Amino acid sequence: MRDTSNYKILKLLQDHRGLDFLGHRDTMVQRRIAKRLLAVKCNSEEDYLSYLNENPTEMDHLIDVLTINVSEFFRNPLTFEYLFSQIIHQIVEKKSIEKGSSIRVWSAGCARGEEAYSLAIQFEDYMQKENLHLETRVFATDIDPKAIQNAKEGIYKDHSILNLKYHQMDKYFLKYEDGFHLKDKIKKNVHFSFHDLLSTSQLAPPESIYGGFDLILCRNVLIYFDMNYQKKIFEKLYRNLKPNGYLVLGDTEVLHKDYKDDFRRLNNCCKVFQKRLSSNLNIKKSI
């Protein structure tokens with residue numbers, strides 16, 4: 001049972017900012033709220049709740065600590081290597097047959113954009129390697145407006161680019177005093193927008209208009225939610241993914257038990273799944 005004061009704090013965020021953190025794991029919530037108590041010198045959660053009501057701008061600081069924006073280019077390189085060597089060519093091959101059809105990818109929980117741009121770089125590398133010219137559109141979403149704004153700027157420090165290869169740095173970045181700037185040839189393929197995975201009013205990223213994704217990455221997001229909220233997220237991911245489309249989870253994450261029959265895992269080295277062509281749709285609840 002969640003602490004009453006913590007519940008009231010999260011409910012306040014939901015009512016005033018429309019963000020639902022109620023499904024986050026209790027230990028994570030407790031730890032991060034404690035950081036803000038220390039920062040504003042409150043002695044208890046009750047005091048902090050009063051402080052929030054009296055200082056609405058503190059909600060922004062609380063949202064910052066509750067949203068995780070730790071990322072880097074090609075985080076978990078083995079996963080990206082598998083995508084490049086085994087998955088991307090299958091997506092491209094299928095799209096080559098479907099004349100006029102663009103490749104659609106969703107990076108859910110994109111933080112500052114490194115994952116989304118990594119995907120755009122991989123597809124661009126593959127297109128150049130195979131001398132192809134298929135349109136690739138990567139839609140990237142997060143619930144942190146500041147992270148989205150930073151992602152749109154596409155400027156990164158040294159710690160974000162450690163996994164990049166030399167040819168990628170040379171082709172896709174420009175070095176300035178304030179960091180490494182992504183070139184427009186990659187930025188133009190990535191579309192950022194605010195999207196709450198728990199929202200029932202928006203079924204797909206706003207920039208994408210509709211779902212129908214060939215590939216969805218939702219990594220290191222599910223681990224912060226309890227099982228009931230995870231199911232709601234899986235419902236959205238499932239319905240947005242095309243039949244035979246691919247879903248990538250974080251290394252510590254697993255499929256929700258209600259969706260285990262709807263996906264097949266493709267390898268033992270990373271969490272890449274393929275949506276089955278047929279599934280027991282009558283047991284799925286609409287979002």
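User: What makes strand E7 (residues 213–218) and strand E8 (residues 241–249) a pair, and do they run parallel or antiparallel?

Analyst: Two strands pair if DSSP finds at least two bridges between them. E7 and E8 have five bridges and run in the parallel sense, so they pass. Isoleucine 216 sits opposite leucine 247 in E8, for instance. Strands here are DSSP runs of E, at least two residues, and helices are runs of H or I, at least four, numbered from the N terminus. This is a predicted model, where local features need pLDDT of at least 70 and side-chain atom pairs count only at pLDDT 80 or more, while totals for chains, interfaces and linings use all residues. Residues are numbered from 1 along each chain as its sequence is written, and side-chain values use heavy atoms, with hydrogens and water left out.

User: How do you know that E3 pairs with E5?

Analyst: Strand E3 (residues 155–156) and strand E5 (residues 179–182) are joined by two bridges, antiparallel, and the cut-off is at least two, so they count as paired. Tyrosine 156 has phenylalanine 180 as its bridge partner in E5.

User: Why is histidine 191 called buried?

Analyst: Buried means under 20% relative accessible area, exposed over 50%, partly exposed in between (1.4 Å probe, protein chains only). Histidine 191 has 19%, so it's buried. You'll find histidine 191 in strand E6 (residues 190–194).
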